[in-house]
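The sequence and the model come before the description.

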Amino acid sequence: MLLASAPPIKASPGFYSWPRTWPERQLLLERQHDRLEGLLADLLTLHGPEAPDWTAAQARACDGACRRLLWDLRLHLRLEARWLQAEGCLCPGHRAAHADAARAAFTAFCGSAGDRQARCAWLRDLRAWFTAHRAGPDASAYAAADAITATTDPVATAISGSQS
Ligand SMILES: [Fe+2]
């Protein structure tokens with residue numbers, strides 16, 4: 001049983017410390033988005049009705065993978081909130097959406113323990129929320145942070161000033 005479509009996040013050469021600028025942070029957040037979407041897709045395939053029955057060891061592995069997904073999601077949401085807050089681009093609704101989603105995901109995760117169909121439904125619901133959230137509040141907040149960075153970045157300001 002492999003989770004093949006979720007490649008680990010590898011640091012680029014010279015990129016070993018936490019990113020300090022919004023463009024670097026955005027790049028890492030988007031990589032996390034991609035990785036989480038990959039994990040969700042893999043786990044949905046494994047939990048789907050077309051997948052073969054599991055052995056006890058495979059069931060434990062799937063439960064552990066779901067637990068890891070939940071952990072990674074919560075870390076991602078906290079990191080994203082911290083970095084958007086630093087750019088002044090985290091509105092109260094976005095923060096509340098993270099908290100509500102994390103709470104709901106944890107509750108439903110616990111409620112689906114030992115039930116493959118219920119866990120599959122949990123994964124579907126989580127993917128639906130994640131996809132919509134990425135395309136909605138995240139996209140808006142990232143665009144706002146991009147705009148702020150563009151107006152405060154001295155290089156970008158100098159370039160735009162020389163063109164007018
Ligand atoms: Fe978000």
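A residue counts as buried if 20 or more other C-beta atoms lie within 10 Å of its own, as exposed if 12 or fewer do, and as partly exposed in between. The model is predicted.

## Overall architecture

The protein chain has five helices and zero strands. Read from the N terminus, the order of elements is α-α-α-α-α. Of the 164 residues in the protein chain, 16% count as buried.

Contacts between residues at least 6 apart in sequence were also sorted by separation along the chain. In the protein chain, 75% of these contacts join residues at least 24 apart.

## Nonpolar cores

The largest nonpolar core holds 13 residues, and those touching the most other members are Leu39, Leu40, Leu43, Leu69, Leu73, Leu123 and Leu126. Two or more residues of this core come from each of helix H1 (22–47), helix H2 (56–86) and helix H4 (116–152).

## Helix H2

H2 consists of 31 residues and spans 45 Å from its first C-alpha to its last, close to the 45 Å expected at 1.5 Å a residue. Just after H2, Gly88 adopts a positive phi of about 75°.

Which residues of H2 are buried? They are Cys66, Leu69, Leu73, Leu77, Glu80, Trp83 and Leu84. The cover over the buried residues of H2 includes H1, H3 and H4. An α-helix has 3.6 residues a turn, so residues three or four places apart point the same way.

Trp83 lies in helix H2. Trp83 counts as buried because 22 C-beta neighbours fall inside 10 Å, and the cut-off for a buried residue is 20 or more. In sequence Trp83 and Arg20 are 63 residues apart, yet their C-alpha atoms are 9.4 Å apart in space.

Helix H3 (residues 92–111) packs against H2 at an angle of about 170°, and the two axes are 10 Å apart. Angles over 145 degrees count as roughly antiparallel, and H2 and H3 are therefore roughly antiparallel to each other. On the H2 side the contact involves Cys66, Leu70, Leu73, Arg74, Leu77 and Ala81, which meet Arg95, His98, Ala102, Ala105, Phe106 and Phe109 in H3. By class, the residues in the contact of H2 with H3 are nine nonpolar, one polar and two charged.

H3 also packs with H4, at an angle of about 170° and with the axes 11 Å apart. H3 and H4 are therefore roughly antiparallel to each other. H3 contributes His94, Ala97, Ala101, Ala105, Ala108 and Phe109 to this contact, while H4 contributes Trp122, Asp125, Leu126, Trp129, His133, Pro137 and Ala141. The contact of H3 with H4 comprises 10 nonpolar, two polar and one charged residue.

Ala41 is located in helix H1. Ala41 counts as partly exposed because it has 15 C-beta neighbours inside 10 Å. Ala41 and Arg124 are 83 residues apart in sequence, and the distance between them is 9.1 Å, C-alpha to C-alpha.

Apart from its neighbours within four places in sequence, Arg134 is in contact with His33 and Ala139. Arg134 and Glu30 are 104 residues apart along the chain, and their C-alpha atoms are separated by 9.3 Å.

How values were computed:
Residues numbered from 1 in each chain as written. Predicted model: local features only at pLDDT ≥ 70, side-chain atom pairs only at ≥ 80, totals over all residues. Helix = DSSP H or I, 4+ residues; strand = E, 2+ residues; numbered from the N terminus. Contact = placed C-beta atoms within 7 Å. Core = buried A, V, L, I, M, F, W, Y, C linked by C-beta atoms within 7 Å. Axes fitted to C-alpha atoms, helices over the stretch in contact; angles between N-to-C directions. Parallel < 35°, antiparallel > 145°, perpendicular 65-115°, else oblique. Nonpolar A, V, L, I, M, F, W, Y, C, P; charged D, E, K, R; others polar. Expected span 1.5 Å × (residues − 1).
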